[in-house]
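Here is a short note to read with the structure open. Please go through the points in order and find each residue as it is named.

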Amino acid sequence: MKAEPRCRLETLALRKQLIGSSCKLFFPEDPVKITRAKGQYMYDENGNEYLDCISNVAHVGHCHPEIVRAAHQQNQLLNTNSRYLHDNLVDYAQRLSNTLPEKLCTFYFLNSGSEANDLALRLARQYTKHEDVIVVDHAYHGHLTSLIDISPYKFRNLDGQKEWVHVVPLPDTYRGLFREDHEDPATAYASEVKKVIDQGHQKSRKFAAFFAESLPSVAGQIIPPPGYFQKVAEHIHKAGGVLVADEIQVGFGRVGKHFWAFQLQGEDFIPDIVTMGKPIGNGHPVSCVATTKDIAEAFSATGVEYFNTFGGNPVSCAIGLTVLDVIEKEQLQAHALQVGRFLMELLHQQKEKHSLIGDVRGAGLFIGVDLVEDQTKRSPATKEAEFITTRLKEEFIMLSTDGPGRNVLKFKPPLCFNKKDAELVVDKLDKILTELEKKNT
Ligand SMILES: Cc1ncc(COP(=O)(O)O)c(C=O)c1O
């Protein structure tokens, strides 16, 4: 470690020299060097404080002292692999199982969201003995080769769609195929899944899984119509496949009303496999797959061991357990609900004021502000979205965009984000939107 910190430009020059250029920076024209963080705030090398509206990884707050302490304490005692008995592993699985429907009672621990989704794919294929996968348009499920193949967000710019991959329309009732004026968008969107299954069967394709984020976040903070997943589950089960809910961005109480985002669909919906990542370790590389006994047993029946060197180690499990403790102790799920409602209210007021805002949607502290060039055509206001996030950075607020048109402002801050933070970010947003309107007249 270097004693004297480098200046920002020196770090940038070394990064350009040493790090693969496909690893992108936020604000590439003027990247920020963050040297420390606490709660929902991050600090650059000059001590400037930034409000973090981006990190759904620092779930209970950056550098939360209890998480840091738990890691340190366990690191001093032991860190090894899961081939030895250790209480942290079983305690953690037990605690996670208390948050899930009874059926999801078998756990695998891994290191990243991508690893979790890759294992989910293997489980689905082994259990069903089928190969094909249905995914929602614009989805992203990870960076491994297997997951690029099921991520339209990526494969459209690479080798294209594999024959075993089938893409269905995004259940987006704002800009999608069936909108808020449709009498039953849930059934209509689910029928698209059935259509793809029928077309596949005509070509003798067999379906292993339907994969989706419970709330498609990468696709632009989408809230699927209630009942959608129940109907999709019916179709995919009839085809002999399973339903995988990717909770990597949206799990662990973020949506406020429930601990898991798939629960927003109603108690009658239970996925066959749930994948977890990002917030699970508050920044420490942890991930998890939860599934049913039957699926896990089919996977074991191959006789091939599943071994993951770091997955489920005592330190990772101690951290994961403490994340759950802090969520409970600080009542962060209820806080997400309350603050999320407040932020939505403020954003709705902005929608009334600024024609650039086409839609405000969300659940808890998972919120999207969809910017449009034209309220009727709902054409994405991509350039304006980029201008806004760049200007917000100048105001010391970190916010990102997503969606196929990169026009959706994504709010997914650490859950300790409070009402004062909400007022601050909306106040700045109002100021920038007013600036933009003046510029355009
Ligand atoms: C929805 C979703 N699934 C999976 C992943 C992959 O997770 P990781 O980057 O931890 O491999 C991501 C990462 O951005 C994601 O957003």
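1. Isoleucine 432 counts as buried, with a relative accessibility of 0%. The cut-offs are: buried under 20% relative accessible area, exposed over 50%, partly exposed in between, with a 1.4 Å probe and protein chains only. Isoleucine 432 is part of helix 13, residues 419-440. Here helices (H or I, at least four residues) and strands (E, at least two) are DSSP runs, numbered from the N terminus.

2. This is a predicted model, in which local features need pLDDT of at least 70, side-chain atom pairs count only at pLDDT 80 or more, and totals for chains, interfaces and linings use all residues. Residues are numbered from 1 along each chain as its sequence is written, and side-chain values use heavy atoms, with hydrogens and water left out.

3. Which residues does isoleucine 432 contact, leaving aside neighbours within four places in sequence? They are Phe387, Ile388, Arg391, Leu392 and Glu395, where contact means heavy atoms within 4.5 Å. Between isoleucine 432 and phenylalanine 387 there are 8.9 Å from C-alpha to C-alpha, with the two 45 residues apart in sequence.

4. For the protein chain, the secondary structure amounts to 13 helices and 15 strands. The chain is as compact as a globular protein of its length, because its radius of gyration is 22 Å and the globule rule gives 22 Å for 441 residues. That radius is taken over C-alpha atoms, and the rule is 2.2 Å times the number of residues to the power 0.38. The C-alpha trace spans about 60 × 60 × 45 Å along the principal axes.

5. Of the 441 residues in the protein chain, 55% are buried. Taking contacts between residues at least 6 apart in sequence, 71% join residues at least 24 apart.

6. Helix 11 covers residues 332-353, which is 22 residues. From first C-alpha to last, helix 11 reaches 31 Å, close to the expected 32 Å at 1.5 Å a residue; the expected span is 1.5 Å times one less than the number of residues. Its buried residues include Leu332, Phe342, Met344 and Gln350. Among the elements that cover the buried residues of helix 11 are helix 10 (314-329), strand 15 (408-411) and helix 13.

7. Helix 4 (residues 113-128) has 16 residues, which should span 22 Å, and its end C-alpha atoms are 22 Å apart, so the two agree. Among the buried residues of helix 4 are Gly113, Asn117, Leu121 and Thr128. Lysine 129 follows helix 4 and has a positive phi, near 60 degrees.

8. Is phenylalanine 252 buried or exposed? Phenylalanine 252 is buried, at 0% relative accessibility. Its place is the loop between strand 8 (242-246) and strand 9 (273-276). Not counting residues up to four places away in sequence, phenylalanine 252 touches several residues, including His59, Trp260, Met276 and Leu415. Glutamine 76 is 176 residues from phenylalanine 252 along the chain, and their C-alpha atoms are separated by 28 Å.

9. Phenylalanine 252 is not a glycine, yet its phi is positive, about 70 degrees. Phenylalanine 396 also has a positive phi, near 70 degrees, in a residue other than glycine. Phenylalanine 396 sits in the loop between helix 12 (382-394) and strand 13 (397-398). With a relative accessible area of 33%, phenylalanine 396 is partly exposed.
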